Amino acid sequence: MCFVFFVFFVFNLQLPNKSLLLAACAACIGGTFQYGYNISVINAPTMYVQNFMNQTWRERYQIDVSQEFLTLLWSTIVSMFTLGGFIGVTIGGTLSVKLGRKGTLLTNNVFALVAALLMGLSYPTGLFELLIIGRLFTGINAGIAICVQPLYLGEIAPTAFRGAMGMGTSIFITGGILTGQVVGLKEILGREEYWPILLATTCIPAFLQLLILPWFPESPRYLLIDKGDTEGCKKALKQLHGIADCDAEWEDIEKEKNNLKGVKAKKPWELLADRSARWQLLTIILLNAAQQLNGINAIYFYADYIFKQAGIPNDKISYVTVGTGACECITALTCGMLIECLGRKVLITGGYTLMSICCILFTLTLSFQDASPVVPYLSMACVFAFILSFGLGPGGVTNILTTELFTQTTRPAAYMIAGSVNWFSFFFIGLVFPFIVIGLQQYCFLVFLAICSLVVIYIFLVVPETKNKTFLEIHNEFQPSSSRKASSVDGAGTTLLSGPL
């Protein structure tokens, strides 16, 4: 919170309302912070959980579990998070329409609390199956959060702060990852006797959100456009933006409501059939797939090897890994500072361009790893440079564009489609990547080079800049020029949506 005020002071930017920042933090702490936390917290107790499963198996059947089956059990525990995420994202959009954005975020904490209870009880009950079910529930929680929280942030933020507020998603994901890495250190909860407590700590962000978020209002856009609650919308705007600044936002929401009069929230299959949204859909599908397939997972896969080659002792590598988490977190914060100054297109294009350069350099340093004692350190520099480049653009801007490219009636369905693509790509790269490494070894980064380069070309040619534009203006940017000329203006000065809805 203090950092946010410092950023706006340094860059001489107008400060958003304090209530708006607190509402964003309340949404994020039990939302994408949970997602990031549960990605990283499972890594520290890997060996201890496997020992527990082997011990439980021996007590049940009087024999040790085979190494192959133990690996299968552990893979199942890890992959349940992805399966749960896919389930969560497919229901998140529907829940956000029925329960509201805030209502869905609050309800979503039930999954986190049940997961924490199951994983915490797994050791005392001797049931490792509870870990599998618990990770499934954490995945569902993460899937719903990654779908609904950006919706809430994008809809409560005024146009001038929409990018900076939307970066809350990325900042809290990286903050969650970093927190999970720190809490998993041996000095805190990383010892064998503490692993059930470590996995059960997922309840803490859930409790915090249940305590804080109810004090803040529902999304004003949802209240007026979806529920027709004029008074509720005005009250929410006053609380979030202040009495002096709420009029302009009210006019913008009212214009969008007038344009969407009689149009119901679309289902994903209806959005897929909507010709007026095909370029927006293609854009978010490509960007969400690229977010997982751009090589960031490969960098983390090679990180331990690179650190060992650089002479870092095995027992110190976990601390360097915390450094990579801190690096990603700082970059997300930097992106949050720059996004309203430079715009979305510059950051995401620049991020993918730098990642393309890093892929070339990383391929060269891995190929000549033994040529000089200096090369492993150059490889380390490439690891951090790649993470910085990812956080600068693709890591944060992708979610913001998913919010901005759609209007109120299509946005929940768009998040369901984008989230499904993202989680499927996450699963796909986890399944296929080991075979890519075996087949291509260090040259696997040439595949990621091709992906990053193609994304740069697509963004440059197709995606418009969305900074300081209303949702209706952005929608019309994607329409053919003939349709844009034909779009009419009513007496209130409202540009009507061109193209069929």
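**Terms and the values behind them**

Modeller: At 47% relative accessibility, Asn-468 counts as partly exposed. Please bear in mind throughout that this is a predicted model.

Colleague: Why is Asn-468 called partly exposed?

Modeller: The relative accessible area of Asn-468 is 47%. Buried requires a value under 20% and exposed one over 50%, with partly exposed in between, so Asn-468 at 47% is partly exposed. Asn-468 lies in the loop between helix 22 and helix 23 (471–477).

Colleague: What is noted about phi of Asn-468?

Modeller: Phi of Asn-468 is near 60°, a positive value, and the residue is not glycine. Most residues other than glycine have a negative phi. Phi of Gln-62 is likewise positive, near 60°.

Colleague: Where is Gln-62 found, and what makes Gln-62 exposed?

Modeller: Gln-62 belongs to the loop that joins helix 4 (46–61) and helix 5 (67–98). The relative accessible area of Gln-62 is 60%; exposed means over 50%, and therefore Gln-62 is exposed.

Colleague: How do you know whether Gly-419 is buried or exposed?

Modeller: Gly-419 has a relative accessibility of 10%. The limit for buried is under 20%, so Gly-419 counts as buried. Gly-419 sits in helix 21 (residues 411–440). The C-alpha atom of Gly-419 is 19 Å from that of Val-78, and 341 residues separate the two along the chain.

Colleague: What class does Leu-208 fall into, and why?

Modeller: Leu-208, in helix 10 (residues 203–212), has a relative accessibility of 35%. Leu-208 and Asn-109 are 99 residues apart along the chain, while their C-alpha atoms are separated by 9.9 Å.

Colleague: What makes helix 3 mostly covered?

Modeller: In helix 3 (residues 32–40), 8 of the 9 residues are buried. Among them are Phe-33, Tyr-35, Tyr-37 and Ser-40.

Colleague: Which residues does Gln-181 contact, and why is Gln-181 called buried?

Modeller: Leaving aside neighbours within four places in sequence, Gln-181 is in contact with Ser-40, Thr-321, Val-322, Thr-324 and Gly-325. Ser-40 is one of the buried residues of helix 3. Gln-181 itself is part of helix 8, and its relative accessible area is 14%; as buried means under 20%, Gln-181 is buried.

Colleague: How many disulfides does the structure hold?

Modeller: A search of the whole structure finds 0 disulfides.

Colleague: Which residues touch the most other members of the largest nonpolar core?

Modeller: That core has 53 residues, and Tyr-302, Phe-307, Tyr-352, Phe-362, Phe-445 and Phe-448 touch the most other members. Its largest share, 9 residues, comes from helix 22 (residues 444–462). Not counting residues up to four places away in sequence, Tyr-302 touches residues including Phe-362, Leu-366, Val-437 and Phe-445. There is also a second, separate core of 32 residues, which includes Leu-20, Leu-153, Ile-156 and Ile-177.

Colleague: How many cavities of 30 Å³ or more are there, and what lines the largest cavity?

Modeller: The structure holds 3 cavities of 30 Å³ or more, and about 50 Å³ of space lies in the largest cavity. The lining of the largest cavity includes Pro-150, Leu-153, Arg-162, Asn-399 and Glu-404. Two or more lining residues come from each of helix 7 (129–156), helix 8 (162–183) and helix 20 (394–404). Helix 20 gives the most, with 4 residues. By type, the lining of the largest cavity divides into 3 nonpolar, 5 polar and 2 charged residues.

Note on methods:
Residues are numbered from 1 along each chain as its sequence is written. This is a predicted model: local features need pLDDT of at least 70, side-chain atom pairs count only at pLDDT 80 or more; totals for chains, interfaces and linings use all residues. Side-chain values use heavy atoms; hydrogens and water are left out. A disulfide is a pair of cysteine sulfur atoms within 2.5 Å. On a 1 Å grid over the protein atoms alone, a cavity is a set of points where a 1.4 Å probe fits but cannot get out, and a pocket is an open set with protein on both sides within 12 Å along at least five of seven lines; lining residues have an atom within 4 Å of a point. Grid points are joined across faces, edges and corners, and a volume is the space filled by probe spheres set on the points. Ala, Val, Leu, Ile, Met, Phe, Trp, Tyr, Cys and Pro count as nonpolar, Asp, Glu, Lys and Arg as charged, and the others, Gly among them, as polar. A nonpolar core is a set of buried Ala, Val, Leu, Ile, Met, Phe, Trp, Tyr and Cys residues joined through side-chain atoms within 4.5 Å. Buried means under 20% relative accessible area, exposed over 50%, partly exposed in between (1.4 Å probe, protein chains only). Contact means heavy atoms within 4.5 Å.
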